[in-house]
Amino acid sequence: MNTPALPSSAHAPSERAAALRALLDYHAHRYHTLDAPEIPDAEYDRLFCELQAIEAAHPSLRTPDSITQRVGGQVLAGFAPVRHQVPMLSIGTETDTSANGARAFDARVRRALGLSDADPQLEYVTELKFDGLAISLRYENGVLVQAGTRGDGEVGEDVTNNIRTIGQIPLRLPADAPALLEVRGEVYLRRDAFEALNDRQRAKIAAGAKGEKTFVNPRNAAAGAVRQLDSSVTAQRPLSFFAYGVAQIAPAPALQTHFALLQQLKSWGFAVAEQTALARGADELVAFYQRIGAARWQLPFDIDGVVYKVNALALQQRLGFVTREPRWALAHKYPAQEQLSTVLAIDVQVGRTGKLTPVARLAPVFVGGVTVTNATLHNEDEARRKDVRVGDTVIVRRAGDVIPEVVAVLPEQRTPGAAAFRMPSQCPVCASAVLREAGEVEHRCSGGLYCPAQRKQAMLHYAQRRAVEVEGLGEKLVDQLVDAGLVNTLPDLYRLGLNALARLDRMADKSAQNIVAALEKSKQTTLPRFLFGLGIRHVGEASAKDLARHFGRLDRIMNASVEQLLQVKDIGPVLAHSIRSFFDQPHNREVVEQLRACGVHWDEQEPTSAPERPLLGKTFVLTGSLPSLSRQQAKDMLEAAGAKVAASVSKKTDYVLAGEAAGGKLEQAHALGVAVLDEAGLRALLAQTG
């Protein structure tokens, strides 16, 4: 069935209304019956409200079969029908996603009850509006006998066998439960369960399984699970359930409020959301709406709004229903987290670490409370899996502070000839080769030290304490230097003059002098620190030390083949190819040579063999301040001699190197009988063993 066409709003109201009914019926069928929605909820709500407005302005156009007069949906072939003795009606939705929606509801209820401003405030129950599948559970003599979906509100589908697989739903009630109880609630899928489910689906697809798919959202996945013809499939999906109301109860308990009824359901073993609360008057409704809105993305499940219900059951009866909705309840939605937009272009961004990310440039759309013009496509595999192309109409999602993303494409609206996305072979910033390592999903620019997009990250990495260490060169200063155009590459740091630094914002003469002195001091380093500071992908502190020990000189490392690199301790194929790729880039070699020309140097030596590592196999723990060595310098000396430096003292510790103000580690050493050395003792040990 093709998507029904919708004439423009300039057509006659009768024609527009008929087309809206056909379109809404189509999408309701996709949503309720096939569990395969094509448009976001917000777009459906917009179309529905437009039809309501036309019918309100032209009552003669309101037909008995209009979707505004019924809930919507059909029984899926394969399930037995369930006729609801009490119809499962929908709650009216407040489309104003500001606090005014709560105040307007309170005002409507007060008017309907004939209350004036002088009368007491009304009490409401405030609940979460779950994004799942509505279910009715019927218990007779304490036993679950039937579970039905909403269906069209009058007739649903019998999904009892599937519902029995949900651990949160009691199969038998306590002895004090009534003889007849029909509970209404929501079956949903937690976000972590949804991600795990999609991971399994992706694995099946990758293995070549036919007919498998990933799910767009948890609601879609939950609905699909409940409506499986094979209940064993449902049992494999960890569904959850919240109760939020009662349709029938006999004999009826002497309860006067909806909140008391929910507490009674809890006592009979039903899960009720802990966020459910009481609110008095409009101000407290607003406070609940705002509080849940601020915390909704910390919840472990999806909601798209909150629900307000008049608490007193007697007042609910007085208020009654209008058409298809109770007057005493309202669903107050948050700004839609999904909307439709058009892909204007697909650009590729280069991150601070060289990772390439395709980004869809969108026609502006208001979603998740903000206007969105960009949405991440994550990586090439994801972009191709979703088959996003320039010109496509797409569903865009923004949940909380999460970066907007394209959820799905509407392929039936695609322009013929639209080209599939391909990741570029060259970095769009520096034109260096783009690489993708085996087993990884990310593409990366190989430009490293040369690529402007990676400039700031490269400098911060180089200047950190564990690398070359330029004291005082932090993120704010690097931002200023790069943004002012004073520094483009690492060697430019050493060309900075005192005057240039002093002209920066909030940079006093003394601070500028300290930076110049720190840069000068950093020129004297070690080969492992320099290697680590270059930021070669996968090269950490330990592997830098292994490389330095094995080759002794930087030029040997720069010119080593993959086969030669693989001979180094703990260097595997991925790391070996990463090192080789880095030094195969001429601009990376140029940066290294310029750093040397600026005076950055270290003591080079011949490769160190195992016999020349006198402390091999010994474990040291450092504590306190040494007279002439920093903690890092002492660690470097020990590791160069083959020792392992541990963080805590144990029976396996051979020595504790203790300086001034040594603390608990020194006490532990004495308690365990571990040998203790000071700096002089360390130097003597190295001289003796050397």
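Start by selecting strand E7, residues 180–189, and strand E8: 10 bridges join these two, which run antiparallel. Strands here are DSSP runs of E with at least two residues, and helices are runs of H or I with at least four residues, both numbered from the N terminus. Two strands count as paired if DSSP finds at least two bridges between them. Within this pair, Glu 182 stands opposite Gln 248 of E8.

The model is a predicted one: local features need pLDDT of at least 70, side-chain atom pairs count only at pLDDT 80 or more, and totals for chains, interfaces and linings use all residues. Residues are numbered from 1 along each chain as its sequence is written, and side-chain values use heavy atoms, with hydrogens and water left out.

Now show the whole sheet. It is open, with 4 strands in the order E5-E4-E7-E8 and antiparallel pairing. E5 (143–149) and E8 (239–250) are the edge strands, each pairing on one side only. From one strand to the next the twist averages 25°.

Next, select helix H6, residues 218–226. H6 lies across E4 (133–140), E7 and E8, and runs at about 130° to E7.

Move to strand E13, residues 329–333. Of its 5 residues, 5 are buried, so E13 is largely enclosed by the rest of the structure. Buried means under 20% relative accessible area, exposed over 50%, and partly exposed in between (1.4 Å probe, protein chains only). Ala 329, Ala 331 and Lys 333 point one way, Leu 330 and His 332 the other.

Strand E2 (residues 93–94) runs parallel to E13 and is joined to it by 2 bridges; Thr 93 has Ala 331 as its bridge partner. Strand E10 (residues 303–310) pairs with E13 in the antiparallel sense over 5 bridges, and the bridge partner of Val 307 is Ala 331.

Terms used. Axes are lines fitted to C-alpha atoms, for helices over the stretch in contact, and angles run from 0 to 180 degrees between N-to-C directions. Contact means heavy atoms within 4.5 Å.
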